[in-house]
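Thanks for coming, everyone. Let me put the structure up, and then I'll talk you through it.

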Amino acid sequence: MPSRTTTSAAPSDASTPTADHADDLPSLPPLTAQAELLLERGVVPPEVLSPAALRDAAAALERTAVAGSLLVVHPRVVPPSALAGHLRRTTAVRGRGVEREGFVVVDMTDVDDFAPVPGVDVPNADVYAVTTPDRGDDMANWSPEEAQPAIAARGRSPLTLAEGIHWVLQSPDVLARNLCFMTIGSRLRRPNGSYDARTPAVWISNGTGRDGSARRGAPKVGWCWWRNRHTWLGFASTAARQA
């Protein structure tokens, strides 16, 4: 688990970043193609949202959303705990490529309780689009507390955890060694109204500790402390959401 002390040092789960933090991110396919991937992977339960409804929603959004938008199925249809297991990433093991499945860290059993924070307006629709997602590489080594107002000052909104997982599902290469991201649009409210200090993130497991060596190189849904800095985590954001 990450340390509570504010620090710029990376935990054992990450390496020192390279100097190049360019946002040369892989392009997203058309929204209709993204819908087909979700159907091929069995991500969306047909008893909750039919394939026809998903295809129709993606086609309608594709006519109005800007190119490069991300298709998102609302977490009431597919919660993060279910979505994470559909992530895939190929990693080298003894000189050959091995596909790893995504997972949620063992000490985040309440992952589905992390909800959008005030000001993050998720459309009340089963399917919506996130426009111009950005990994926020230039904010690496910032704390979530520092990044939140900076994202707002740019006229952008932080991604929710569900949106971040969808992004990696559609574009696995958006996760790169030393260039991963936090999704501070989602936080957990305590019963007294204050926020839990954990903030969700998506990165690559090194197979250490409780992850287990069989998960080395896998996409990982985890968390870091609200006031901690990590050199290998940016802050994912969007210009807008539309339904």
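Predicted model: local features only at pLDDT ≥ 70, side-chain atom pairs only at ≥ 80, totals over all residues.

Two points on the source. Residues are numbered from 1 along each chain as its sequence is written, and side-chain values use heavy atoms, with hydrogens and water left out.

A word on labels. Helices (H or I, at least four residues) and strands (E, at least two) are DSSP runs, numbered from the N terminus.

Start with helix α2, residues 51–64.

Which residues of α2 are buried? Leu 54, Ala 58 and Leu 61. Buried means under 20% relative accessible area, exposed means over 50%, and partly exposed is in between, with a 1.4 Å probe and protein chains only. Seen down the axis of α2, the buried residues fall within an arc of 70°, so they line one face of the helix. That arc is taken over the directions from the helix axis to the C-beta atoms.

The face away from its buried side carries exposed Asp 56, Arg 63 and Thr 64. On the buried side, the residues pack against α1, β1 (70–73), β6 (127–131) and β14 (240–242). Contact here means heavy atoms within 4.5 Å.

Next, helix α4, residues 144–153. Its buried residues are Pro 144, Ala 147, Ala 150 and Ile 151. Down the axis of α4, they fall within an arc of 125°, so they also line one face of the helix. The face turned away from that buried side has exposed Ala 152 and Ala 153. What covers the buried residues of α4? The cover includes β7 (157–158), β8 (180–182), β10 (198–204), β11 (219–225), β12 (233–235) and β13 (237–238). After α4 comes Gly 155, with a positive phi near 75°.

Now a helix pair. Helix α1 (residues 31–41) and helix α5 (residues 161–170) pack at about 90°, with axes 11 Å apart. Axes are lines fitted to C-alpha atoms, for helices over the stretch in contact, and angles run from 0 to 180 degrees between N-to-C directions. That makes α1 roughly perpendicular to α5, a label that covers 65 to 115 degrees. Who meets whom? From α1, Gln 34, Leu 37, Leu 38 and Arg 41 meet His 166, Leu 169 and Gln 170 of α5. By class, that contact has three nonpolar, three polar and one charged residues. Ala, Val, Leu, Ile, Met, Phe, Trp, Tyr, Cys and Pro count as nonpolar, Asp, Glu, Lys and Arg as charged, and the others, Gly among them, as polar.

On to single residues. Thr 199 is in strand β10. Is Thr 199 buried or exposed? It counts as buried, at 0% relative accessibility. Leaving aside neighbours within four places in sequence, its contacts include Pro 144, Met 182, Arg 187 and Trp 223.

Thr 160 lies in the loop between β7 and α5. At 5% relative accessibility, Thr 160 is buried. Not counting residues up to four places away in sequence, Thr 160 touches residues including Pro 116, Val 120, Thr 183 and Arg 241.

Thr 132, in the loop between β6 and α4, has phi near 40°, a positive value in a residue other than glycine. Thr 132 is partly exposed, at 38%. Asn 178 sits in the loop between α5 and β8. Its phi is near 75°, again positive in a residue other than glycine. Asn 178 is buried, at 14%.

Last stop: Ala 239, in the loop between β13 and β14. Ala 239 is partly exposed, at 40% relative accessibility. Beyond four places in sequence, Ala 239 touches Thr 131, Thr 132, Gly 155 and Arg 156.

Note on methods
Parallel < 35°, antiparallel > 145°, perpendicular 65-115°, else oblique. Expected span 1.5 Å × (residues − 1).
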